[in-house]
Amino acid sequence: MKRERLILLTAVALAFIGLCSCGNNKAKEMVTTENFGSFEGQEVSLFTLTNKKGDVVKLTNYGAAIVEINVPDRNGDKGNVTFGYETLDGYLEGDAYFGKVVGQFANRVAKGKFTLDGVEYTLALNNGPNSLHGGPTGWHSRAWTAEVLKGTDFPAVKFTYSKPDMEEGYPGNVVAEVVYTWTDDDELIMDYKVTTDRRTVINITNHAYFNLHGTGNGDILDHEALIRASAFTPVDSTLIPTGELRPVEGTPFDFRTPHLIGERIGEAYDQLVLGGGYDHNFVLDNVEQVDAEVYDPSTGRVIQVITDQPGVQLYTGNFLDGTQTGRGGKVYQYRSGFCLETQHYPDSPNQASFPPVILTPEEPFLSSTTYKFGVR
Ligand code: BGC
């Protein structure tokens, strides 16, 4: 009798422990981890985040990148809508920025130079006469450390990169964190936190390319874009802002009401000619919750962009040329993807009239951007 009671109690206790650990691992079970190779001695993984709808996002800690986003069209057929490579080698050999987190300074710094507190800093030039996206070995080209978050309501993964002082010419021992959360409403939330031990500059973004047909299925000129921006920052021939904030009113940059991306892209407007299409920072009005939205009438898919950043770069894949083959053997042709890179304005360290980009040891940089997917 005593023995039976003991067995029963043990069984109840084991069941309880089992239940508890299920509870604790709730979020963990929504994230699976596979080996994706290694980079400079550090393990690289592929993380698969599955929400309650069964919609899937894949991430890797190499470049803290978004690798895949699988969301349904209006008939419920799922497809991958973002650029990524099948293997880590693809990332090492291919385009530097697909889906990556870009830092320490996203977009361009003119002539690779800026002055902070009376000291001139020099950056590597990797884009004609300018420095682009944190330089050739910026944050996009590093293996970040990874942590699958536990006890969260939705699948979430945190990536961290500790940048040594003066790496790529930027002052400060800087710690950058991004937490990706994939909600049951198909929102991919990117929460950033960046700290420094010394005054420096910061501009961080995600460089995902999207094609709402599903990647590899034609161009994005038939996608309809809405951008809540009353001005944009015109550029010179090396794509450095001139300092002007030009009203979009009466220009092909007016997306305050929806327009097809391709509707005006071929116009002989000076900025479209200089950019080879749209490759410009829009000055967000930041007055409504959704800052930008792109809709594909053929599949019904919609992406909404919500950010606390003052700008967004609309880049229409003008430099894509069909030389990159991504997941599922998809070839990324000219203008077959668009980016909406939420950011501070390009070249801000050299443009006194732009919103400030100085990061101090006293105050961390905190920011959040959401890509929300749906259908119409
Ligand atoms: C820039 C483009 C550049 C692209 C690289 C964008 O953010 O504005 O000019 O070619 O990144 O992938």
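Q: Which strand gives the largest share of the lining of the largest cavity?

A: The largest share, 3 residues, comes from strand β21 (residues 279-284), where strands (E, at least two residues) are DSSP runs numbered from the N terminus. This is a predicted model, in which local features need pLDDT of at least 70 and side-chain atom pairs count only at pLDDT 80 or more, while totals for chains, interfaces and linings use all residues. Residues are numbered from 1 along each chain as its sequence is written, and side-chain values use heavy atoms, with hydrogens and water left out.

Q: What is a cavity, and how many of 30 Å³ or more does the structure hold?

A: Rolling a probe the size of a water molecule over the atoms shows where empty space is left. On a 1 Å grid over the protein atoms alone, a cavity is a set of points where a 1.4 Å probe fits but cannot get out, whereas a pocket is an open set with protein on both sides within 12 Å along at least five of seven lines, and lining residues have an atom within 4 Å of a point. A volume is the space filled by probe spheres set on the points, which are joined across faces, edges and corners. The structure holds 2 cavities of 30 Å³ or more; the largest has about 50 Å³ of space, and its lining includes N107, R108, D279, H280 and N281.

Q: Which residues line the second largest cavity?

A: The second largest cavity, with a volume of about 40 Å³, is lined by G103, Q104, G134, T137, G138, W139, K163, E167, E168 and Y170.

Q: What is the geometry of the peptide bond from G103 to Q104?

A: Most residues other than glycine have a negative phi, and most peptide bonds are trans. The bond from G103 to Q104 is cis, with omega near 10 degrees, and Q104 is placed in the loop between β6 (101-102) and β7 (108-109). N107 lies in the loop between β6 and β7, and N107 has a positive phi of about 65 degrees although it is not a glycine.

Q: Where does the ligand sit?

A: A molecule sits in a pocket if more than half of its atoms lie within 2 Å of the grid points of that pocket. Here the ligand sits in the largest pocket, which has a volume of about 410 Å³. Of the 24 residues that line the largest pocket, the closest to its centre are D95, Y97, L132, Y315 and F319.

Q: Which residues surround the ligand, and which side chains have atoms at a stated distance from a ligand oxygen?

A: A residue is near a molecule if one of its heavy atoms lies within 4 Å of it, and the residues surrounding the ligand include Y97, N107, R108, H133, H207, Y209 and D279. A polar contact is a pair of N or O atoms within 3.5 Å. An N or O atom in the side chain of R108 is 2.7 Å from an oxygen atom of the ligand, an N or O atom in the side chain of H207 is 2.7 Å from a ligand oxygen atom, and a polar side-chain atom of Y209 lies 3.0 Å from an oxygen atom of the ligand. Taken alone the ligand exposes 310 Å², of which the protein buries 94%, with accessible areas coming from the Shrake-Rupley method with a 1.4 Å probe.

Terms used: Polar contact = N/O pair within 3.5 Å; in protein donor to acceptor, adjacent residues only side chain to side chain. Helix = DSSP H or I, 4+ residues; strand = E, 2+ residues; numbered from the N terminus.
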